[in-house]
Amino acid sequence: MIDEKILFAPGHTACAGCGQSLAARLVIDASGKNTIVGNNTGCLEVFSTGYPYSSWRVPFIHSLFENTGAVMSGVEAALRHLGAKEGINLIAQAGDGGFGDIGLQAFSGLWERGQDILTICYDNEAYMNTGIQRSGLTPIGSRTTTTPVGPNAAAGNVRSSFSFKKNLVDIALAHRCVYVATASVHVPLDLQRRVKEAHKMKGPKFLHILCPCPLGWQSDVSLTAEIGRLAVETGIWPLVEYKNGELVNVKKFKELKPVEEYLKLQRRYNHLFQGEAGAQALEAWRAVVQENVKRFGLLEPTAQA
Amino acid sequence: MKQFLEGADAIARTVALCRPGVISAYPITPQTHIVENLADLIAQRKLQCQFVNVESEHSAASCVLGASAAGVRAYTSTSSQGLLLMAEVLFNIAGMRLPVVLCCVNRSVSAPINIWNDQQDIMAVRDAGMVQLFAESVQESCDLHLQAFKIGEDPDIMLPVVVNIDGFTLSHGFEAVEFPEQSAVDVFLPAYRAPYKLDVNNPMTLGPLCGPEYYLEQRYAIQETLNREVMAKVQKVADEFTAAFGRKAFGLLEEYRMEDAETVLLSFGSLCGTLKEAADALRAKGRKVGVVRLVTYRPFPKEALVRALAKAKDVLVFEKCISLGADGPVYTEVTSALYGAGAKVAVNGYVCGLGGRDVALDEILAAVDARERVSAKFMNVKQENLGSFI
């Protein structure tokens, strides 16, 4: 059963089909009422805290775009000083830009100091709140408003739109986070289990959640969960779990679906299905999958093997 | 009993007497000695406090923001580029109405890089909504810290307070300093009781999105608090301080030999020591010269200033800062206050001491004698150094 405590109230102003609102609610309901949430500026803070309303039924603090890692470090230190940290879950969360680009330094500091906080990246793969601009976590060939498609796109944007997606899992592991995992909104119980696993461990934790965004990904609002499922089943978004640096859990498949099944549901990738440049980008996507297969052993051994 | 101590050491001991629960800081000269001393006091179990070593001043300010939001007394210190890096957070702390105390060890700003004293750094964030105090001596640097927490944490105020001290002159200078007893400090400054905080038993949302319908009143409220509650509270706390510890605290401003002064030298910070010497020297020659020293710069004490300068004929403003392309910020505000009140007085503005350039007594005396009409005259410009960009 999904936890139905509903600590994230309905009535907020997220877009229809928003993956992030779904993920945020699953996270806070799995965390429980003895939780304090810090949030960088971004869609989630904007659609859930428009004064005089708030969806948050737990203490919630938003300060700036890039500082929740440091703000929550201060909250954690304050609770330690008061002797009140025990039994309180702390979450410092941000979108992909707020976490992996502008906010990364503060999260790095939080992790490196070993502070007892669950850090969460709600990854919708671009700056959606400001109107779909490219972030460091925008994947290969994505069309955004700052990586538009046109005759000169390859020349003008080769570095930006065809670069690899910044690997936050590896960055978190390099900081010796005690718990590092990925998650997807199409498997809510699994996502909530990961949140609970994280809270059980003392120290810095990192959860990276892929959050399909119908607005930015130009996908049908009814397909949010489906696109999340395909991201996992194509091997593009492996579901992995590390404890104390050891890979302890990988979601494996007998066979992976072709990347096209995932990409074709999103109009941000329309241009990949035409021309030489598109073909090259698709090859790059397949290479990403092969890398994941090799690194995580995504394919179950066949009976013959 | 007085102790002969470096300024930073004395300030750290005073901060410890204030019992902060969280301190966060990032190294920058000339601030570092303050937080080094505080870290050592914690290591020696003389202060029970969490010290968070962060990776930037932006995070230091954010960390004390979070600690204050969690209901704990929080302190940080910085200088120059560090303060500029904090700028965004400082506006945020004030807007979120959190009573953090920050010591700005005033230093010049880059470029060229220069670690020495002036007051350009703090002027860059003068509009942030923070209470701003300036110390003249090491003793006053300590005393203003004790007052700063009391002012900021008042439930009617709830704003950050900056104690400005001149880099090196006050942070590294040695002075015989008097310390109050811990028991007396605990009476003067009781434990912080946050009127709102992050509390799982009473969940609230801090830092929400605020549209055109509500934003303006939030800023108006800060303006009202500064100009009414803080203006009154600063003087009240100064009087309470004087009563509790037997040392004069000035509150909004200090008047020195102003009884019949016609020429007034006006500044803030440690430069006022030189101005007082100049006034003494000129008084010895029969000239009617006094000094007005701004202790509180935000809120700007307009009414107190107009009262203090009611009999003045000439006012000379000396400041170690400049709004490039305009005049010195304090000159601008002094003229605004005086002329706005209809005062018939000549005000001259002098920019001096940038990047640690010494300001000599003779230069002050020469400015008084010059009887010129200037608004942002740079003192002691060396012609031989002009003509090439570094």
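**View 1. F60(A) stands opposite T205(B), a residue of β9(B).** Welcome to a predicted model, in which local features need pLDDT of at least 70, side-chain atom pairs count only at pLDDT 80 or more, and totals for chains, interfaces and linings use all residues. Residues are numbered from 1 along each chain as its sequence is written, while chains are lettered from A and ligands numbered from 1 in the order in which they are written. Strand β2 (residues 60-62) of chain A pairs with β9(B) in the parallel sense over two bridges; pairing requires at least two bridges found by DSSP. Strands (E, at least two residues) and helices (H or I, at least four) are DSSP runs numbered from the N terminus.

**View 2. Chain B meets chain A through 37 residues of chain B and 36 residues of chain A.** Contact here means C-beta atoms, placed from the backbone, within 7 Å. On the chain B side, at least two residues each come from β2 (22-25), β3 (50-53), α3 (57-69), α4 (80-95) and β9 (205-206). Helix α3(B) gives the most, nine residues.

**View 3. Domain 1 (2-245) and domain 2 (255-385) of chain B sit with C-alpha centres 27 Å apart.** These bounds come from an automatic or database domain assignment. Between them, 25 residues of domain 1 of chain B are in contact with 21 residues of domain 2 of chain B. On the domain 1 side, α5 (120-123), β6 (131-134), β7 (161-166) and α8 (215-245) of chain B each supply at least two residues. The largest share, five residues, belongs to α8(B).

Key. Contact = placed C-beta atoms within 7 Å.
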